[in-house]
Amino acid sequence: AKTGRPKPQKLLPDGAMATALLAACILVAATAAGEPRKLRFKVNATEVQDSVVYAPGLFPLELRRQIAHYFADMPYDPYLETVTRTRKFGKYLLRDLASEPPMRLEYKGNHFIQTGDYNELVRQGKMALVRKYEEHDDGFFENPLVQAVLGFAARTFLSLGAKPGVPFELGLHTVRLTAPGMVTPEGVHCDGYDFVLSTVIDREGIEGGASLFYASKDQPPILEVPMEAGDAVVINDKALFHAVEGIRPAPGHAKGHRDVILLTGRPWPTDAQGNLIDDVALHLSQLEGSREAPEQAAPSEERNAEGAA
C-alpha cells in the first residue's frame, strides 16, 4: 500500500474542547470556568510550557467592527514589490505584563529590524534589514478591540512563562494583504522573539490563510489552525516554526483581503546594571550603508502575485 506524508492535526472551531494525541503532540483543553474557549498545544508532551494557544472566535464581530475603518486607510508597504499590502507598525514598552487594564504602552519608535537569521528574504538581500513604517495614530490604543487584544496577549504570554514585573518589548503590526498573495513568502520560519500573537480582524472574499506549525523546517506541518475572522493564536516562538497558507480570491470574487493584528513580544533588553537598551539605535549605528527604505507608492497591477510576511 502507498504511504504519504502524515497530515497535520487540524484544530477547528467546532465548539468542542477535547484532548487529543498525535505522535509527540498533545492538545490540552482550557478548563478554567469563565475562560474563553482555548486549545493549547505542546510539541513535546514532557514540556512544561505550551507551544501554541489557539482561541477560536475570541473577538466578536461587534468588537471587530470598531477597528475595521483603521485597515481601510493605511499606507502601502514598500518593502516587497510583489505584494499588495498596507501596513503600520510601532515598537512599544510595556512596563509590566501584569498591569491592570487599560494597558498603557510607551512608544519607542517605528523601525522594524529582522536579521537574516530569521528572515530568508533578508538573508538573500531581497528585503531591507531595517524597515521603517508609519506608526499608529494616537487614539489607536484607546480602541476597545486593541485593548482586548493587548489584554489577551499579556495574559497568554504570562501563561506561557513570561515573568510579571519585567519590562516587555511589544512590536505591533496592523496589516491588510490583498488576495491573491503569499502571507509568508520567507517560508517556514521563526521570528526571533519569545512570543508571537496573530488575530484576524476581517476576511473579505478570500480562501486560505490557515496558520501552520512545524517541529522543524524540513518536515511537514504538525498542526494547522484555520484562522477565521475573530480567531487568535499565540505562538511560543522559541518552541516551533510557523508559516501561513497563502490567500486567494473566493469563488465569485476577483480579489479579497485579510486584515490582521500581529504582536511580537520579548523581555526588553537590559545592560548589566538593568538599564533598558535601545537596541534599534545600536543596530542602526552598525548598519551604515544598509539598504534604505524605498519611497512609498501604490502597487502596480502585477504586484499581488506573491505576498509578504
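## Surface and overall make-up

The structure is a predicted model, in which local features need pLDDT of at least 70 and side-chain atom pairs count only at pLDDT 80 or more, while totals for chains, interfaces and linings use all residues. Residues are numbered from 1 along each chain as its sequence is written, and side-chain values use heavy atoms, with hydrogens and water left out.

The protein chain has 309 residues, of which 50% count as buried; buried means under 20% relative accessible area, exposed over 50%, and partly exposed in between (1.4 Å probe, protein chains only). It contains 5 helices and 18 strands, these being DSSP runs numbered from the N terminus (helices: H or I, at least four residues; strands: E, at least two). Among contacts (heavy atoms within 4.5 Å) in the protein chain with a separation of 6 or more, 75% are accounted for by residues 24 or more positions apart.

## Cis peptide bonds

The bond from proline 101 to proline 102 is cis, with omega near 0°. Proline 102 lies in the loop between strand E6 (85-94) and strand E7 (106-107).

Alanine 179 and proline 180 are also joined by a cis peptide bond, with omega about 0°. The loop that holds proline 180 runs between strand E10 (168-179) and strand E11 (195-204).

## Buried loop residues

Methionine 227 is not a glycine, yet has a positive phi of about 55°. This residue belongs to the loop between strand E14 (223-225) and strand E15 (232-236). Methionine 227 counts as buried because its relative accessibility is 0%.

Serine 51 is placed in the loop between strand E4 (39-42) and strand E5 (52-55). With a relative accessibility of 0%, serine 51 likewise counts as buried. Leaving aside residues up to four places away in sequence, serine 51 touches Phe41, Lys42, Val43, Val234, Ile235, Asn236, Ala239 and Leu240.

## A partly exposed proline

Proline 269 is located in the loop between strand E18 (256-267) and helix H5 (279-286). Its relative accessible area is 24%, so proline 269 is classed as partly exposed. The C-alpha atoms of proline 269 and proline 167 are separated by 8.7 Å, although these two residues are 102 residues apart along the chain.
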